[in-house]
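Morning, everyone. Please bring the structure up on your screens, and I will walk you through a few places in it.

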Amino acid sequence: MGRQVCCISAGYSEHASKRSDVSMPELINEAIQDCLKKVPSVCLDDIDAFANGNMPAFEGINIPELWMTDWMGARCKPLMRVTTGGTTGGTVAICGYYSVAAGIPGIDTVLAIAFEQQSQGDTSLGLASVALGEISILNTLGITYDQLNRLLSAGAAIGVAAYQATTYMSKARITEEDLARVVVQERRNAAKTWWAHLKMPNLTIEDVLDTPYVQYPLRFGMVCPASDGACAMLFTTEEKAKEWADIPVYINGVASVANESAVLGYNGSGSAQLDPSTQLGAMRSAELAYSQAGISFPRKEIDYAELYGPFPNQTLMWSEKLGLFEETTAPKMWEAGVTDLNGELPINCSGGVNATNAIGASAMERPAEAALQIMGKASNQVPKTVHTSIGHGWGGSLNLCTLMVMADQPKRKWR
Amino acid sequence: MVKNNKGIMTEKFIVSNKGMVRAEFSFWVGRYMDKFYDALEKKKLIGNKCPKCGDVFVPPRKICGKCNASIPLEENWVDLPDTGTLMNYTSSPYKVNDRDSRKVKKQQLIGMVKIDNSNTSIVYRLLDMEPEEVKIGMKVKIDWSEETKGDPSDIKGFVKI
Amino acid sequence: MSEKKTYQKTEKKALEYVKKDYIKTRTLPGAWYLSSYTYKFDITHMQPFLKKLKDKKLIGNRCSGCNRIFFPPRLVCGQCLVKPDRWVDIRETANVATYAIAYLKNPDTGEVEEKPMVLVQHDGSNTCCIAQMAPNINVKDMYINMPLKVHWKGERTGGLMDIEYYDVIEDASKDLSSKKE
Amino acid sequence: MEKVGIVGYNQVKLSSDANYGRYEMIFEAVRGAMDKAGLKKKDISTVISCTNDYYDGRTISNCFTVEVGGGYMADETKVEMDGAHAVLYGLMRILSGNHKLAVVWGGSMASCFPYHATRLFETDPTWERQMALVNDVTASGFQMRAYMEKYGISAEEIAKVAVKNRKNSAKNPLALPESQNPNLTVQDVLNSDIYADPVTELMVAQPCDGVAALLLAPEQQALKITDEPVWITGVGWYQDAYYLGDRDLSTIRSMELAGRKAFDIAGIKSPRNEIDVAELFEAYAHEELILAEALGLVEKGKGPTLNTEIGGDLPINPSGGALGGNPPCATGLIRIIEAAKQLRGEANGYQVSGAKRAIASGQIGMCAQNSILYVLEKGGN
């Protein structure tokens, strides 16, 4: 049952705060063309099916795939749309994986596309509408709107992430400098990545700490931007991958685990995630994906990681939760340069979400970059040979988590 | 916010709250459509042609869906006449907008018109026509708005020739 | 926070980065009217809890599958996929599960004010929920696990607003190592 | 394709204004399906939800449904199409060998959102949406006219479909009460208010509130869970061009392709003779005829000649179809459930006798731009 799946290419559009020169279908077309350029022997006709997704409420278009059909080359082809908020990209990539792994006759090569053109809409309002229903019920039950308004004030994502930052900082006993260090490393990396948004080659820790708070403990300089951009990944079977690509990247493990929602909870009934930085969901997804991929010592076996960290505390936290570092030791690793381009375990050499965040696409850019690092085609390529890499994503109200484990050797274990 | 207690039969307490906000969007049209709207503003209709199959699209597109060929921005533009053939029509009392749909007394006639020399149809109102006289295959002509703004409303609708 | 260093010198919000400009094409408008949507919630399971609030009593419900206690009461226990079926009394004391500080402009004065956003876990329950802090609290003094107590409203109507806010009470563990960060 | 078993299902009774909260409705559907199959929460390995952000009025509509949908600490994801597409993803996950039990649920509450306005959000915002002349209402009018013009079909013949489905729905206890009418006549349908000429009010599937859930398991597990599994033996899903002007509206090309693919996988050579019952998602009465023709159940243009009553040549929509209630995001899923009921002999009052093989379809988009078709077969004894 099931079969090996390989990723043979990944492509991006240019990311910027306003891609005012293109409409949304034209934007994703850029990513598809970049993706297909990397595998010259594959053309659009070779693609058997499509997997798509974005966060529709940001752009005011429901099921945009219907309109984009021609621009993707999906006319008279099978297409499926999955979307899960911040993890959309991750779930689209996973959908691409499952489409191939299922072994449905005639579905061998699948193009997965995730995109977002946030400049078209109101991102903070879009994020606020995540919890609008839950907020209205809390209001009915008697919590003042003024109180709830604070949650919305900086956009729901920052709202919930700030809680996480507070608990993480008190647990790991770190200061804001440690957070700023992560930001500096990521944005300097972004300067070497052609498609990234916030390219800051000369950023210093002082610059970051010089900005005011959005919401304690997060400052404006630490928060991810809102970008326009698209990302595409090409999945195919083992046989075809060997024929088409020099280094086929095997997808050995996938997981998209849901925890209960943090902070508000459904129906306004609060959350059992007392400490939002515990992240059982991330730990569970790591457990699932690593066991599929036969990884027992993540720190030793993983050579490269792309983590979904819109806020610096999250990059630190995820690296621990996914088993790359011991609990609360991540900040020291950043300080020691372990996660640098030349380090022992490079993390987020593309600049990460902190530098480029086209929300729907972000979670796909992580596995895409992780795959390109194995192929040796990444824009900011690490000097050492990468054998195994991971791409991670989180979304929702701190409760959805995706993980994809890739390697240059097939290691997938069937349960 | 209204707290209504509907469940007389089941003693259920159902709260229904109204959403309170409005999200605004502004859609970038891209360079192909920008060119098209520039022409529309001058009361001219243009389309572009697929270099492979020769199909002409109104409004213009970057990709021809039939042969997956991409059409360069600078080339293959075609000037089109303001006449066309009615391919299909309907009439409906429902008026739909972003906010809701409402039923109006006067039905509006809507037609799908294939502009001459092009291969796709566009959907607009049929003006100054009685439902009985509308026939599939009849020739129609664009009725331009007096003041053009460079958006789809520059074409008020189609009238019979 | 014992010593919070003040790093900030300027008020600039954005950092400079390498920018690329793109041709600006025209835009067309659209809007999503959430005001024409309704959100339906069933609060039948909340009724006993809301009624008890009037008598200054706190109750939560308990899932017999995993023995977790939910305060405020929940419709479904996600871990067991069943409806919690037993009611338990919850104490008035609580502690800060986690917090963040929002910076909001006061519409009257125009000044940026620091407002705490707190999640409170009641003793005897396994969940936390959003809560209002006492108005006299200094946000700089807050820490995780800070003990709190319910401050009831004079006239209660049977809603979450009956809990006017949470008072800070003396921390018994203050001398222990697990004190504030 | 390996066999995947449907091992349980449940559907909440459809209603035009349900006396339910959103979460309770989802919980009732999922818990009911689990109970009927005799399973526990810890048996769930993956959950596929099907909701739509614009139908629910919130971004990330699956964010708060994790617990009520059974997704806590499970491999959870959301498909934002029709419920039938969500089943497809569940099917893929089972086929990949990673999962042993998939819960698929879908649904929404049409009483809570402006349905037509939300459908308008599907159109091209840089062109058609600005004038709002292309929407689900007018598209249905164009489609019916194109079909009638091309094959010379009369409005009466299409009204007959509406009569048949609404009569059938009267026998289905879970159908929308407003749609149930055992005494409807063709004239009633034709005389009802005009929706989009020539489509009239009673030819339209009315959006309503409802949630449905379905459980999928691989062959071996399915046989352990139930003695009467229903096997999914074929599936096909395709997308057509977007612009109405690019398409031939007198047929549904996406379904032609999907049907060909699904029959190919299931090894069906002559669908007309090998299929016992069909549950098709017809958003409008005329779509049932077009779908039947696109699937090759009857010759092109001869749709009305096929006797599709219960007990006829080939019963289509014995449950009343989408005309018996159309909860957005759940309708396709309910079609699969109804087809499974027919195969298990559980369709009390509208059972097609001796049904061994069934098809069920789903669709999204204007004029069924994206269609999906399943072939289901009776398992066990």
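**A short tour, chain by chain**

B:Pro59 sits in a loop of chain B, the one between β4 (56-57) and β5 (63-64). Keep in mind that this is a predicted model. What kind of peptide bond joins B:Val58 and B:Pro59? A cis one, with omega at about -10°.

Stay in chain B for a moment. Go to the loop between α1 (30-41) and β3 (45-49), where you find B:Lys43. Its phi is near 60°. That is a positive value, and the residue is not a glycine. B:Lys43 has 13 other C-beta atoms within 10 Å, so B:Lys43 is partly exposed.

Now chain C. How many helices and strands does chain C have? The count is 1 helix and 10 strands. Read from the N terminus, the order is β-β-α-β-β-β-β-β-β-β-β. Chain C has 181 residues, and 36% of them count as buried. Now take the contacts in chain C with a separation of 6 or more: 52% of them are between residues 24 or more positions apart.

Chain C has a cis peptide bond to show you as well, between C:Phe71 and C:Pro72. Omega there is about -5°. Look for C:Pro72 in the loop between β4 (69-70) and β5 (86-89) of chain C.

On to chain A, and to helix packing. Two packed helices are described by the angle between their axes and the distance between the axes. Take α1 (residues 24-37) and α2 (residues 65-72) of chain A: the axes come within 9 Å and cross at roughly 45°. That angle makes α1(A) oblique to α2(A). Is the crossing of α1(A) and α2(A) left-handed or right-handed? It is right-handed.

Who makes the contact? From α1(A) come A:Met24, A:Pro25, A:Glu26, A:Ile28, A:Asn29 and A:Ile32. From α2(A) come A:Trp67, A:Met68, A:Trp71 and A:Met72. By class, the contact of α1(A) with α2(A) has 8 nonpolar residues, 1 polar and 1 charged.

Next pair, again in chain A. Helix α3 (residues 88-101) packs with helix α16 (residues 359-375) at an angle of about 55°. Their axes are 5 Å apart. With that angle, α3(A) is oblique to α16(A). On the α3(A) side, the contact residues are A:Thr88, A:Gly89, A:Gly90, A:Val92 and A:Ala93. On the α16(A) side, they include A:Gly360, A:Ala361, A:Ser362 and A:Pro367.

One more stop in chain A: A:Asn348. Find this residue in the loop between α14 (330-336) and α15 (352-355). A:Asn348 is not a glycine, yet its phi is positive, near 55°. Is A:Asn348 buried or exposed? A:Asn348 is buried, because 26 other C-beta atoms lie within 10 Å.

Last stop, chain D. D:Asp313 is in the loop between α12 (285-294) and α13 (331-344). D:Asp313 counts as partly exposed, because it has 13 C-beta neighbours inside 10 Å. Which residues does D:Asp313 touch, leaving out those up to four places away in sequence? D:Leu306 and D:Asn307. Now find D:Glu67, 246 residues from D:Asp313 along the chain. The C-alpha atoms of the two are separated by 45 Å.

That is the tour. Over to you.

Note on methods
Residues numbered from 1 in each chain as written. Chains lettered and ligands numbered in written order. Predicted model: local features only at pLDDT ≥ 70, side-chain atom pairs only at ≥ 80, totals over all residues. Helix = DSSP H or I, 4+ residues; strand = E, 2+ residues; numbered from the N terminus. Buried ≥ 20, exposed ≤ 12 C-beta atoms within 10 Å, placed from the backbone. Contact = placed C-beta atoms within 7 Å. Axes fitted to C-alpha atoms, helices over the stretch in contact; angles between N-to-C directions. Parallel < 35°, antiparallel > 145°, perpendicular 65-115°, else oblique. Left-handed = near helix turned anticlockwise from the far one by under 90°. Nonpolar A, V, L, I, M, F, W, Y, C, P; charged D, E, K, R; others polar.
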